[in-house]
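Student: I've got a new model open on my screen. Can you walk me through reading it?

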Amino acid sequence: MIKHPGLDAVVISTPNFVHAEQAIAFLEAGKHLMLEKPMGINRNECDRIIEVQQRSGKNFTVDFEMRVSPYAKRLKSLIDSGELGELKHIEFIHHRGCWLEEGNGKWRVRPEKSGGLFFMEPIHEVDIFRFFGGEIKSVQSTARPNVLPQYRFEDNVYSHFFFESGAMATLITSHSHSAVPTKTGQWSDSAEYMLSMGHDMSMIFTLTGGSIAVNFLTLEIMINRFEEWPAGSGGVRVIHVRTENLRNTGYDFFHDIDAMRWEFIRRCANGLPPVQDPLDIWKSHITCLAAEQSLKEDFRRINIDYTLPKGLRKVKRTGKKSKKESCS
């Protein structure tokens, strides 16, 4: 494939432990590249990919598809509108069933193959935190004792992320509880109940003027505002404003991989930069590594080191690339 003269772009969705080797090979061969998360299984591999990507000048993205999914687009517009004031806190709760030590689970539960829990799954939440809240300066993680013996890393994590803006984000993720049905006793393979087959997720945004709740099972966004109550007291009560129904998006509500892949191809074909700057992708990985470091160092708070590896540079992409660089 690397030697094929007609090959312009590649999507890599292999197991984590071969991501770096394959990504570097295709970038060095001058191919545009979309890579499943994570970039690699450690910082050295992530640094190396960014180094090669900058030298190649080719389009590079990682499949952080939440950024282009319907719920994120709608939430970003709500937050940026200022309708509910300034963002102060994001909460993401995720429960799911466990990986088994069989099939591709054999590499998923081993940190030397997968990179650990953060690179396997919470990296999506960490990246979307940065999408909504901006740069994260420090993180503190805790974990309860494991109950899944096949896991060679934590089967749960509780992390607090501290933004440069003064806002916070809280992540709770656990693999020891399967998801619940959206209605009592109802389990289905249909798109509306897809998430009840192994994921239970919810998200809450707290702002200075109200709150927004995202229900990933019912595919709804609930919007509340704060109002003074009783009048003249300075106290506040929460008032439900509206609930927005996004059920027509189905599973793509939060997980629109197809949209991410087509956007990658469209941007390559038209000589446009990727959805997310490669260095921003790298920073989401560095944030996850800091969160994992906090777990290993007795839950202490870690200041995140975004120092670029030697030879790397901050790149601000503007305008179009030359036609010579775009896909045929």
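Student: What pLDDT does the protein chain average?

Tutor: This is a predicted model, and its chain averages a pLDDT of 89, with 88% of the residues scoring at least 70. Over residues 189-196, though, the pLDDT is below 50, and residues 317-328 are below 50 too. Where pLDDT is low, the predicted coordinates should not be read in detail.

Student: Okay. How many salt bridges does the structure hold?

Tutor: Here's the general idea: side chains of opposite charge can pair when their charged atoms come close. This structure holds 27 salt bridges. Take R74 and E244, whose closest N and O atoms are 2.7 Å apart. R74 sits in helix α3 and E244 in strand β11, so the pair ties together parts that are 170 residues apart in sequence.

Student: And is E244 buried or exposed?

Tutor: Buried, because its relative accessibility is 15%, and the cut-off for buried is under 20%. R74, at 28%, is partly exposed.

Student: Which residues are linked in a network of salt bridges?

Tutor: R67, D127, R130, E135, D280 and K283.

Note on methods. Residues numbered from 1 in each chain as written. Predicted model: local features only at pLDDT ≥ 70, side-chain atom pairs only at ≥ 80, totals over all residues. Heavy atoms only, no water. pLDDT = per-residue confidence, 0-100. Contact = heavy atoms within 4.5 Å. Salt bridge = Lys/Arg side-chain N within 4 Å of Asp/Glu carboxyl O. Helix = DSSP H or I, 4+ residues; strand = E, 2+ residues; numbered from the N terminus. Buried < 20%, exposed > 50% of the residue type's maximum accessible area, 1.4 Å probe, protein only.
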